[in-house]
Amino acid sequence: MQQQRENWGSRLGFIMAAAGSAVGLGNIWRFPYTAGENGGGAFILIYLGFVFVIGLSVMIAEFSVGRSTNLAAVGAFKKYNSNWTFVGVLGVLSSFFIMGFYPVVGGWALAYIVKSFTGLMSSVEAIPGVFDAFIGNPVEPLIWMLVFLALNIAIVVKGISGGIEKAGKVLMPLLFALLVLLSIRSVSLPGAGAGLDFLLKPDFSKVNGETFLAALGQAFFSLSLGMGAMVTYGSYLSREENLPQNAFIVTTLDTLVALLAGVAIFPALFAFGLEPAAGPGLVFVVVPTIFAEMGGLGTIFSALFFIALAVAALTSSVSLLETVTAYFIDQRGMSRKKAVYLMGAAMVVTNILASLSLGVMSGVTIFGAGFFDFFDILTDKIFLAIGGMLVSLFAGWVMKKDVLEKELTNGGETKFGLFNIWFVLVKYVNPIAIFFVAIAGIISITQTSLMIFGLVLIAALAIFSKKLA
Ligand code: TRP
């Protein structure tokens, strides 16, 4: 059933693609507002701890599951133990759900590139109203969402080394350069110091249970963990690659970009006396406001910012589409082309629903939430954490310790001095830590029916996946 399996063309290509998956809306759109709402510096410290202990160790686990089997999410788990197939199915489903709203926001970013030049910046007072009117419009955001999805389809249909890897190699350095430029501009504004203080001086009085929840959720989302994306990317990796080292590089790049996004936004925000805790609208409202206040080159900077945001979103959504596509290629024997077009078409439907749910369809709810929130809450609050916990449990309890050690040292060719610590993390520490955070996350869902639906869905998958996959 399997044809010649694709591979990454080079190490750099893989790193750019995996970092491309990790670096996304999570870093530039979500991280700043989550940090802003959770007290800035103190949140960032906790986040860093989660990223480099739990996140990094789960990423190493995902890479080893993928590469040791050379199969994407579903097939990889199935190959070890078919009782665990559902973890892969859950991942594919979560990727599909994240892809139910991610292209909507990606489309907003594309639209704001153009809007930067067409009058958005001319009146500072009008900027919040422009955003609200835009996302609720029944036509305009749909067009941009379709453009964004079309770009995804065009890249993924070209395959691993010819599409995803090429895009990452061009787009990631571009993104990095843009963010550095924006950060320099932000930090050099008069009054920027207050913003740096906010980011760097931890205020622990704002820390509570919610902070930890937000930090772990953000870590998983940002590192693309918990749903098989990194299993899938790892499955195309050559036997010579050093997995822990690659995971460390990807994690570090992702974290750098998040911090850089913070440095690009907060100093400028404080320089203009704006609110840090502005919620999801932060980058679409506060950022244009900052640039409008700047006058002169503000238009250009605003356009650059939204180009960076769109680029980051694109290399991430590509990994989500790939995770779903790879299932149909590996498990269903479909051609890449057919799988991509089929799933692309399905995503057009889910994204139209998600986009319209912020406007004309706001009255239509499914399990107590509009479609956009349905996809977001289900993945962010339930699937991601549970998926991450299951992957960790899988590596710690199902895979054999010596198999893992071989995989992570390439059969003794490379060194992984922290192997034993990693194994303890993966086997005991992560599952327990993630479990508590997952419970807290699930309890925090206000739509009870949605919470029950999510849990029932996972249970159903656990029971029926064996037959399905
Ligand atoms: N990490 C991406 C971001 O920060 C989003 C993403 C891509 C993702 N693939 C994923 C999140 C897989 C969870 C799982 O925007």
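1. A salt bridge is a side-chain nitrogen of Lys or Arg within 4 Å of a carboxyl oxygen of Asp or Glu. In this predicted model, R67 and E407 form such a pair, with N and O 2.6 Å apart. R67 belongs to helix α3 (residues 41-69) and E407 to helix α18 (residues 401-408), so their contact ties together parts 340 residues apart in sequence. R67 is buried, at 1% relative accessible area, and E407 is also counted as buried, at 10%.

2. E407 has a salt bridge with R239 as well, where the closest N and O atoms are 3.6 Å apart. Because R239 sits in the loop between α12 and α13 while E407 is in helix α18, this pair ties together parts that are 168 residues apart in sequence. R239 is partly exposed, with 42% relative accessibility.

3. A further salt bridge joins E241 to R11, at 3.0 Å between the closest N and O atoms. E241 is in the loop between α12 (229-235) and α13 (243-271) and R11 is in helix α1 (residues 11-22), so parts 230 residues apart in sequence are tied together. E241 is buried at 12% relative accessible area, whereas R11 is partly exposed at 33%.

4. The whole structure holds 10 salt bridges. E6, E322 and R336 are linked in a network of them.

5. The largest nonpolar core has 179 residues; W8, W108, L175, F284, F305, L309 and W422 touch the most other members. Helix α15 (residues 298-332) gives the most to this core, 19 residues. Leaving aside residues up to four places away in sequence, L309 touches L25, I28, W29, A109, V283 and F284.

Key: Residues are numbered from 1 along each chain as its sequence is written. This is a predicted model: local features need pLDDT of at least 70, side-chain atom pairs count only at pLDDT 80 or more; totals for chains, interfaces and linings use all residues. Side-chain values use heavy atoms; hydrogens and water are left out. A nonpolar core is a set of buried Ala, Val, Leu, Ile, Met, Phe, Trp, Tyr and Cys residues joined through side-chain atoms within 4.5 Å. Buried means under 20% relative accessible area, exposed over 50%, partly exposed in between (1.4 Å probe, protein chains only). Helices (H or I, at least four residues) and strands (E, at least two) are DSSP runs, numbered from the N terminus. Contact means heavy atoms within 4.5 Å.
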